[in-house]
Amino acid sequence: MSEEYRSGFVALIGRPNAGKSTLLNQVLGQKIAIMSDKAQTTRNKIQAVHTEKNGQIIFVDTPGIHKPKHQLGDFMVKTALDSLAEVDLILFFIDASEPFGRGEQFILDALQSVNTPVFLIMNKIDKIHPDRVLERIDEYRHYHSFAEIFPISALQNQNVEPLVTSIYSYLPEGPQYYPEDQITDHPERFIMGELIREKVLWHTRDEIPHSIAVIIDDVKERENRKTYVQATIVVERDSQKGIIIGRKGSMLKTIGEKARKDIHVLLGTDVYLELWVKVQKDWRNKGRFLQEQGYTD
Ligand code: GDP
Ligand code: K
Ligand code: MG
């Protein structure tokens, strides 16, 4: 008799920058979730799928739970809390090198209202002494009865494989939800937008807020297997537009070159990328605009 097939949904929660996207990328071996050293890069849920012979894990990468500051914040918190009730397992990520803070307290409070098993993922153990790792774990044990505790380094791939094995053991018997070769159910357009947004955040460092949006206006297959992509970067202020364009267009050129390379890998074709920058004042608080971009339901 063959082993039963296990499948289910696993939510990744934790403060922004705890390393959720890095773990997904490590597990899937392909760059689909967006990594950034800035907060809240992942605004939408990204479902990533891990398939093996006897099971399938569907990861839900949530934005970090935090206190809402404006309309978009409310949406992010709602998304994160909704996902906790729906899933089979929760991975609660901690940056082991950061002190316990209000962000963690907020999440631990939220966890009290769900029955879903929770793994404590003590990430970035490569950054601190092993003794400190144990101390940090002890701090958290008091607050919640965790199903499992995993000290890991998502970046250096330490203890990631045992984690994946353990995740499977917590999943119920279930169907194969997605084809084997499918690692994300998001349209390529969304990923393209996130790849461009990531380049803007990386290259402008602290000068551009994470709240910028990228809209993919047009994707066309041209002859010679070349894909033409036109996208608009939406900012809130003229000064931000200036920063993104840079001296004689140099910053926009850099962003475009780096994004084009990643989109080329994503699509497997040559890519021509045309980038525009548009100012839309106070866009975060504009419900209709958010709805058009798919950020509300
Ligand atoms: P997210 O906001 O939770 O998705 O966090 P990211 O995956 O975007 O990671 C935020 C930052 O932490 C990035 O600069 C990562 O390279 C870094 N990072 C993630 N995991 C580790 C780790 O295990 N060790 C170290 N040293 N850095 C990490
Ligand atoms: K991030
Ligand atoms: Mg992320």
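**A central strand and its surroundings**

Tutor: The protein chain comprises 9 helices and 9 strands (DSSP runs numbered from the N terminus, of H or I with at least four residues for helices and of E with at least two for strands). This is a predicted model, in which local features need pLDDT of at least 70 and side-chain atom pairs count only at pLDDT 80 or more, while totals for chains, interfaces and linings use all residues. Residues are numbered from 1 along each chain as its sequence is written, and chains are lettered from A and ligands numbered from 1 in the order in which they are written.

Of its 6 residues, 5 are buried, so β5 is largely enclosed by the rest of the structure (buried means 20 or more other C-beta atoms within 10 Å of a residue's own, exposed 12 or fewer, and partly exposed in between, with C-beta atoms placed from the backbone). For the protein chain of 297 residues, the buried share is 34%.

On one side, β5 runs parallel to β4, joined to it by 6 bridges (strands pair if DSSP finds at least two bridges between them). Within this pair, Met122 of β5 stands opposite Ile94. The chain passes from β4 to β5 by way of helix α3 (residues 102-111), in a right-handed β-α-β crossover (with the strands pointing away from the viewer, the path from the first strand over the helix to the second runs clockwise). β5 is also parallel to β6, with 4 bridges between them; here Leu120 has Ile149 in β6 as its bridge partner. Together with α4, these two strands form a right-handed β-α-β unit.

The largest nonpolar core holds 33 residues, and Val10, Ala11, Ile90, Leu91 and Phe92 have the most contacts inside it (such a core is a set of buried Ala, Val, Leu, Ile, Met, Phe, Trp, Tyr and Cys residues joined through C-beta atoms within 7 Å). Beyond its neighbours within four places in sequence, Leu91 is in contact with Phe119 and Ile121, among others including Val10 (contact means C-beta atoms, placed from the backbone, within 7 Å).

In the loop between β5 and α4 (130-141) lies Lys124. Although Lys124 is not a glycine, its phi is positive, near 65°. Lys124 counts as buried because it has 24 C-beta neighbours inside 10 Å.

Methods. Two residues are in contact if their C-beta atoms, placed from the backbone, lie within 7 Å.
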